4 protein chains.
Amino acid sequence: MKLSSEEQAALEEARAQSHATRRPTVAALEERLFAPIPCLDHGFVRLVDYMGDDGAIVQAARVSYGKGTRTVNKDRGLIRYLMRHRHTTPLEMCELKLHVKLPIFVARQWIRHRTANVNEMSGRYSVLDREFYMPAPEHLARQSTINNQGRGRVLPAEQAHEVLALLKRDAAQTYASYEQMMGDDIGLARELARMNLPVNLYTQWYWKIDLHNLLHFLSLRADSHAQYEIRVYAEAIGDIVKDWVPSVWEAFQDYRVSGAFLSGPELSVVNRALRGELTEREATIIATMRDNQQRPAAERSKIDFSGTGMSAREWRGLLGRFDLSAARD
Amino acid sequence: MKLSSEEQAALEEARAQSHATRRPTVAALEERLFAPIPCLDHGFVRLVDYMGDDGAIVQAARVSYGKGTRTVNKDRGLIRYLMRHRHTTPLEMCELKLHVKLPIFVARQWIRHRTANVNEMSGRYSVLDREFYMPAPEHLARQSTINNQGRGRVLPAEQAHEVLALLKRDAAQTYASYEQMMGDDIGLARELARMNLPVNLYTQWYWKIDLHNLLHFLSLRADSHAQYEIRVYAEAIGDIVKDWVPSVWEAFQDYRVSGAFLSGPELSVVNRALRGELTEREATIIATMRDNQQRPAAERSKIDFSGTGMSAREWRGLLGRFDLSAARD
Amino acid sequence: MKLSSEEQAALEEARAQSHATRRPTVAALEERLFAPIPCLDHGFVRLVDYMGDDGAIVQAARVSYGKGTRTVNKDRGLIRYLMRHRHTTPLEMCELKLHVKLPIFVARQWIRHRTANVNEMSGRYSVLDREFYMPAPEHLARQSTINNQGRGRVLPAEQAHEVLALLKRDAAQTYASYEQMMGDDIGLARELARMNLPVNLYTQWYWKIDLHNLLHFLSLRADSHAQYEIRVYAEAIGDIVKDWVPSVWEAFQDYRVSGAFLSGPELSVVNRALRGELTEREATIIATMRDNQQRPAAERSKIDFSGTGMSAREWRGLLGRFDLSAARD
Amino acid sequence: MKLSSEEQAALEEARAQSHATRRPTVAALEERLFAPIPCLDHGFVRLVDYMGDDGAIVQAARVSYGKGTRTVNKDRGLIRYLMRHRHTTPLEMCELKLHVKLPIFVARQWIRHRTANVNEMSGRYSVLDREFYMPAPEHLARQSTINNQGRGRVLPAEQAHEVLALLKRDAAQTYASYEQMMGDDIGLARELARMNLPVNLYTQWYWKIDLHNLLHFLSLRADSHAQYEIRVYAEAIGDIVKDWVPSVWEAFQDYRVSGAFLSGPELSVVNRALRGELTEREATIIATMRDNQQRPAAERSKIDFSGTGMSAREWRGLLGRFDLSAARD
């Protein structure tokens with residue numbers, strides 16, 4: 001990530017400001033303000049503004065006349081209670097504003113989160129910069145054989161090289177065409193010329209969102225099922241949130257991230273495991289799947305899941321979270 | 001619930017219509033269309049329109065050119081997959097429109113669900129009907145001693161009688177004042193006169209919502225923690241949804257209603273219980289809480305939960321879902 | 001409006017804080033922070049927090065690395081341009097948080113604005129205060145004879161006195177019943193007892209909204225067609241906005257509040273008036289309606305508007321905004 | 001636009017369905033159901049489902065027990081009243097569902113309308129088709145010299161040819177690279193390979209929206225300031241809306257599309273023109289700008305607008321809508 005000297009100067013000027021305010025401030029966020037956190041090769045996330053802190057949530061939950069906070073411990077307890085019971089409206093009382101530079105294909109996933117405010121730079125109005133996302137070789141991976149929408153093992157060096165050569169060649173050529181079409185000889189309208197640019201081109205936007213919707217964004221986009229390229233941004237934002245509202249972050253980890261939802265059938269299996277009342281069929285499935293990790297998929301697929309109320313995928317998920325074989329031994 | 005003869009006639013005229021359509025129809029909903037389902041003493045929920053069915057979700061998920069559905073079983077599998085993985089956008093492709101008559105205090109909880117379309121009758125424009133919610137005696141209960149925002153045991157008959165006498169007297173008096181203020185002698189504006197009416201007065205609205213947001217509404221409002229008076233409506237709507245999109249309803253039951261979210265600390269306790277690795281402290285807590293159901297709260301409150309990473313309330317919740325004592329025996 | 005000494009102390013403690021921040025501050029808003037602006041007899045609006053200023057809009061519109069502002073004049077020009085062309089996304093980059101105390105019937109109108117964050121105190125959880133809105137006599141008016149949902153002339157003193165006596169008696173009685181039902185003898189659950197309270201009881205909430213949606217709220221609720229009781233709040237908030245983002249406020253006045261939308265048929269009439277090409281029929285309508293202000297409605301209603309493409313109401317509206325008779329003289 | 005034989009068969013099968021329903025139907029929409037309306041070279045808009053009609057708006061506005069409609073004329077009057085006074089909630093009671101095939105750069109503008117339900121096909125999951133938008137030569141235009149984000153005059157044939165050659169070459173090459181990267185030799189994950197594709201590639205989605213938000217979409221995207229490529233879609237959707245809710249469409253034309261918003265300063269100028277009270281300065285501006293249409297911009301730019309409360313651009317806009325010079329002659 002490189003800023004022009006103008007951009008750098010603007011940023012430093014902003015950081016040099018200091019005003020007195022009666023609003024709550026968060027020292028760790030003041031430190032972070034305006035400074036870009038690099039993401040991918042040319043992108044960044046930059047904290048532009050924030051409203052509220054842990055105390056603001058307590059204040060709103062109590063519809064308070066003052067700060068609303070009592071002891072740190074009582075506040076933490078209330079926040080944990082709110083998070084556990086999904087009383088999310090007080091979390092909406094905090095707001096974050098970011099400046100983000102990101103590849104278009106990441107922006108297209110990101111924008112699906114509708115409860116946010118966005119102002120994106122416009123290719124109708126401005127000439128877009130010549131910056132394309134080029135993955136690091138260790139992030140170039142094969143199509144997953146298990147997951148229809150994920151990646152599997154990393155490409156060998158030679159093939160990674162081949163991919164990068166193609167990406168670079170096409171980026172150079174499409175951008176050259178873009179410039180040629182807008183050049184003096186042709187003078188094509190910007191809104192038309194840009195249609196030739198690939199979705200690994202970088203764009204930028206201002207993005208503002210409340211804390212409740214931000215946590216929802218993070219729970220989906222910092223998740224292991226999210227595409228790596230958006231996860232990088234979600235993790236950078238997570239670091240900001242951790243500094244901003246530490247009690248919320250702790251509760252979010254305990255009650256969302258490190259937890260798991262069990263379906264009705266799953267609850268029932270775990271309870272029978274605890275009571276030693278698993279059926280023969282269930283015990284066989286558990287034992288076979290545990291042993292089968294070393295065996296070929298063909299053999300694993302012989303297991304008969306019918307009548308258990310759960311699919312192979314659900315059994316796999318359940319056994320990934322609970323040590324059910326232990327109960328039986 | 002009583003309809004005027006005019007209302008009844010309008011309703012029957014609507015039910016008598018029959019048109020040919022290329023749109024998917026759901027026989028069980030056609031049967032339900034326009035007919036009010038009584039709720040509380042004077043309220044109702046009435047299906048006014050619906051868009052889509054189970055197949056419409058599959059169709060959108062596949063961005064299909066036709067119906068998008070394959071075999072019933074494949075469709076059901078896809079819907080379960082979407083529900084399990086919280087891929088909720090295809091659920092937004094179904095829409096329900098209801099006409100609801102409900103007490104104002106119920107409407108005030110209901111309206112907090114923002115992602116819906118609402119058209120309420122206006123007390124500025126119309127004279128409001130003399131209809132007040134009077135709870136059945138079996139729903140008059142004392143303040144809960146455990147839950148700050150719930151009810152406990154049912155009132156004795158004499159006290160229930162006393163409450164109803166007060167509610168009836170005040171309803172009669174406030175409505176008489178309302179009429180007197182708007183009468184020929186005074187002629188006060190309706191928008192002012194209505195301010196004297198209590199929140200157990202009935203109002204009415206048209207309410208339209210997509211299936212994803214409707215399920216969210218139901219998961220909160222048909223829940224045992226919801227106030228009884230709104231739960232009645234949520235359950236009536238649940239019956240409609242069950243008829244409308246049976247595969248979605250089944251998946252909703254399995255993956256939301258009958259399931260439970262376990263926090264990180266809870267997952268860890270259950271896993272240790274399965275492995276027989278609970279600590280002494282944890283085993284004591286479990287045993288004491290199990291035995292203690294018969295003992296007074298004072299004694300239960302002596303348990304020391306510190307260092308377990310979970311509060312008394314969380315332990316209680318966990319033991320309500322899992323038979324952890326069994327594991328140890 | 002009266003605060004308890006505890007509330008007053010909490011408020012003063014909050015006002016006594018001063019922190020250093022790199023975020024933009026607005027001196028006039030810092031001065032206003034936390035102090036309640038009285039509204040109606042017991043209500044208030046209190047600024048709790050704000051994010052951004054005029055410059056923040058320019059900054060987002062330019063997707064800027066620094067403050068984004070240039071000269072005050074250039075910024076003002078850009079803001080006026082955005083407002084004129086309804087490019088509203090940069091306005092969403094400012095956010096306001098208020099604590100509001102308001103009658104329930106006002107809250108019911110207010111909550112219809114869905115794009116906002118709300119945390120209301122709960123009558124399930126807390127005992128509600130004995131505070132009822134009692135209109136000042138000069139705001140007690142008869143039902144309008146023109147407008148189905150408005151008020152007409154003010155009530156004579158005697159009738160105003162009668163109305164207030166009824167409102168006060170019913171408020172006292174319903175609140176006494178509320179207390180009696182929750183008292184030791186009966187102990188009815190709060191969530192039930194509250195149903196007896198009329199909608200002129202005061203409630204409170206925290207309300208947070210972005211500037212674009214706030215201006216939309218103000219354009220509807222500070223309008224002369226809004227009910228007086230909500231207009232009072234909208235005007236108090238307008239005063240805050242004027243201090244907060246003066247360039248936006250000026251543009252809002254010029255391009256929304258003091259302007260008017262002309263329909264296609266209206267545009268056409270005005271253009272023909274400018275060219276002296278009004279038809280005989282139109283000229284007659286204009287002259288008659290101008291002269292008719294003194295005549296009884298019965299006579300005015302004899303005018304034949306058919307074929308003009310506009311209804312009586314639309315003609316009246318147009319003549320209220322344009323001096324069309326002048327053109328013809 | 002070409003459909004595969006499978007797509008065509010699925011579509012015809014859907015069109016062949018006929019069910020009986022009690023819901024209101026609109027004959028003209030039944031006729032349109034499922035059939036694609038071609039847009040641009042490979043795109044389309046296809047009506048998939050609809051809820052409600054003109055009557056449904058009246059029904060909701062009256063919170064009716066039956067159809068809510070009275071005479072066609074009374075219904076039309078109410079709809080016009082709602083539109084004129086921006087009482088938009090009843091319009092939200094109608095819903096439209098479309099299947100759209102569109103270039104990615106159009107999708108990126110479209111998705112900014114947040115109050116809608118969307119399900120887009122995924123380049124993580126599927127291989128994207130080799131279909132790129134190639135503008136017709138008459139839509140290839142130069143950058144506008146007046147409007148920073150628009151197009152000016154059409155390119156000469158030779159330059160149009162040059163542009164199309166570049167677009168075609170780059171489309172072919174980027175798609176070939178896309179296939180090569182996903183081919184057996186490399187096997188790159190789809191979610192990575194797609195990053196090489198330009199934004200004139202076609203994508204598809206299901207899109208569902210209520211009528212109020214749809215009209216807002218149309219007022220922005222069918223407007224002459226919208227980019228041609230999205231306007232084509234907005235106009236195709238407009239044709240559907242016209243058939244669906246003819247009274248709404250008529251009112252929308254009269255009160256939105258063919259009308260205009262006048263700012264406070266503009267209202268004041270028009271009124272002074274009507275009264276023959278324009279200032280010397282204003283009369284000069286009007287006369288000069290009228291005569292100046294033939295003169296070069298340099299000369300026009302000499303006009304001094306200061307003190308008139310309106311910018312050059314605003315004067316130009318006003319004179320485009322009103323024949324102010326006439327008033328003075």
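The legends below describe close-up views of a predicted model. Residues are numbered from 1 along each chain as its sequence is written, while chains are lettered from A and ligands numbered from 1 in the order in which they are written. In this predicted model, local features need pLDDT of at least 70 and side-chain atom pairs count only at pLDDT 80 or more, whereas totals for chains, interfaces and linings use all residues.

**Figure 1. Overall dimensions and secondary structure of chain A.** Chain A contains 15 helices and nine strands (DSSP runs numbered from the N terminus, helices being H or I with at least four residues and strands E with at least two). Along the principal axes, the C-alpha atoms of chain A fill a box of roughly 80 × 60 × 30 Å. Buried residues make up 46% of the 329 in chain A (buried: 20 or more other C-beta atoms within 10 Å of the residue's own, C-beta atoms being placed from the backbone).

**Figure 2. The side of chain B that touches chain A.** Contacts link 23 residues of chain B with 23 residues of chain A (contact: C-beta atoms, placed from the backbone, within 7 Å). On chain B, helix H10 (246-257), strand S9 (260-262), helix H11 (264-274) and helix H15 (324-328) each supply at least two residues of this side. H11(B) gives the most, with seven residues. By class, this side of chain B has 13 nonpolar, six polar and four charged residues (nonpolar: Ala, Val, Leu, Ile, Met, Phe, Trp, Tyr, Cys and Pro; charged: Asp, Glu, Lys and Arg; polar: the others, Gly among them).

Figure 3. Strand S9 (residues 260-262) of chain A runs antiparallel to S9(B) and is joined to it by three bridges (strands pair if DSSP finds at least two bridges between them). In this pairing, A:Phe261 stands opposite B:Phe261. Chain B is superposed on chain A by a rotation of 180° with 0.1 Å of shift along its axis, at an RMSD of 0.2 Å (least squares on the C-alpha atoms of residues with pLDDT of at least 70 in both copies). The two copies are thus related as by a two-fold rotation axis. The C-alpha of B:Phe261 is the nearest to the axis in chain B, 2.0 Å from it. Of the interface residues of chain B, 100% are also interface residues in chain A, so the copies meet through the same surface.

**Figure 4. Strand S3 of chain B and its two partners.** Strand S3 (residues 43-51) of chain B is mostly covered, with nine of its nine residues buried. Strand S2 (residues 36-39) of chain B is antiparallel to S3(B), with four bridges between them, and B:Cys39 stands opposite B:Gly43. S2(B) and S3(B) form a hairpin with three residues between them, and B:Leu40 in the turn has a positive phi of about 55°. Seven bridges connect S3(B) with strand S4 (residues 95-103) of chain B in the antiparallel sense, B:Arg46 having B:His99 as its bridge partner.

**Figure 5. The five-stranded sheet of chain D.** In chain D, an open sheet with antiparallel pairing has the strand order S2-S3-S4-S8-S5. Strand S2 (36-39) and strand S5 (117-120) of chain D stand at the edges, each with a single partner strand, so one side of each is left without a neighbour in the sheet.

Technical notes:
Buried ≥ 20, exposed ≤ 12 C-beta atoms within 10 Å, placed from the backbone. Contact = placed C-beta atoms within 7 Å.
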